[in-house]
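Here is a friendly briefing to read alongside the model. Please keep the 3D view open as you go.

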Amino acid sequence: MPDSLQPDSLSPLSLNQWLQHLETLHPVGIDMGLERVSKVARRMGLLSSPIAPRVITVAGTNGKGSTLAMIESIARAHGWRVGTYTSPHLLRYNERVKIDGQEAEDKLLVEGFEHVERARLQDDHISLTYFEAGTLCGLWCLANAELDLAVLEVGLGGRLDAVNIIDADVAIVTTIAQDHANFLGTDLAQIGREKAGIFRAGKPVVLGSQALPVSVSECAQSLAAPKFALGQQFTHQTMGEEYSNWRWQGQQADGTSIVVDELPDPGLPIDNAATALQALVLAGMALVSAHVKVGLATVQLAGRLQWIGPWCLDVGHNPHAAEYVARHLPSPPEEGQQWGLIGMLNDKDIDGVIQALSVRISDWVCVSLTGERGCLASELSQRIIAQGGRVHFCAESPHAGADWLAKVLTPNDRVLATGSFFTVAALLARPLPTGAASLDGDGNEIR
């Protein structure tokens, strides 16, 4: 396929052909900056008017996906028509764009990519990365969907991420930790400033962690952006003898207090659920308790502590995420083993992830991931052994690792599969082996 397609003679392409074409448009996969993508967006008319009456943008190191999923579910339970743009995807590119709860159809995405290509080739040709072109396509789909609310997930950082060409009515920062060090560095204060780059002057910001660097609040203050912080303007607390439900207390834009009681556990971090509620209130939603409960009870998010029989799949790929996973894994079974199947990219903090998971996992299967960034199973094995773990097998792929486990799993064994979106996506694409059907767990429930 040629590097460019003429705008007046676009031949019909399938979605897969478009995705292959996008990989040829730019010399590097990640190229931080807004100049090129903004210029194409203007040609497409995406910056001349809001893409939706309300826009919430979510940034952060961890917790973006779960916060966005709960915003979407609660808003839809209130009758709002919601569109979302997220990345990356697990099984299908269509997952990145959802409209009213449904993944975008191939036809819509193809039409969006055609608009991107025509604008990209108009006058002087503009080179776009895969993510930039995909973001423009997603924004075009949302802008044409007659939404009540658009929710956008930042891909990397915030200030220079392609999503940030859209002004947010409410901006969220969930957590700040080290990740993508090659692009964001290791200084948490600077990472915080990059994430806070989605803030807009005078527009409310929601801070979803009590451990954010001061730089995030300083950015809000410099923009006179009203700040709503977890533990200050909004809080949550568990209720009942068995802590089976919880209470949320937050503030409306004018500072008026609002409380919602007896909320169900969504199976996702409660900090993120509380953040989602505060953001929706600031976006103009009048919370109805019954609708909030439905939204939290029905939210689904694949690849986050997702149990399928004895397998727990989680895409966590940095120490902060791994610590959360470790805290929420059950203790190793008395009459079985708790295995870890891990595959990671080589630009992640591999040692930190292993250390965090080692409190729950001592028996490992290491798998290689392909591509320039993929880490070999042998490298993972050396790092695990250096920390005192036992590596039973090194596999050339997640599938091969699962096949080996199929031969050794006993009825009481469990498996945590983690380390990367690529690891989890590969395993979700096929049936997973089980030692027996007698495990007490969540079945196929997505949590």
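Glu-146 lies in the loop that links helix 5 (130-143) to strand 5 (149-153); helices (H or I, at least four residues) and strands (E, at least two) are DSSP runs numbered from the N terminus. This is a predicted model, in which local features need pLDDT of at least 70, side-chain atom pairs count only at pLDDT 80 or more, and totals for chains, interfaces and linings use all residues. Residues are numbered from 1 along each chain as its sequence is written, and side-chain values use heavy atoms, leaving out hydrogens and water.

**Backbone points to look at**

- Glu-146 has a phi near 55°, a positive value in a residue other than glycine.
- Glu-146 counts as exposed because its relative accessibility is 71% (exposed is over 50%, buried under 20%, partly exposed in between; 1.4 Å probe, protein chains only).
- Glu-262, in strand 11 (residues 257-264), also is not a glycine and has a positive phi of about 50°.
- At 48% relative accessibility, Glu-262 counts as partly exposed.
- A cis peptide bond runs from Ser-87 to Pro-88, with omega near -10°.
- Pro-88 sits in the loop between strand 2 (82-85) and strand 3 (97-99).

**Overall architecture**

- The chain contains 15 helices and 17 strands.
- Its C-alpha trace spans about 65 × 60 × 40 Å along the principal axes.
- Of the 447 residues in the chain, 53% are buried.
- Of the contacts (heavy atoms within 4.5 Å) between residues at least 6 apart in sequence, 73% join residues at least 24 apart.
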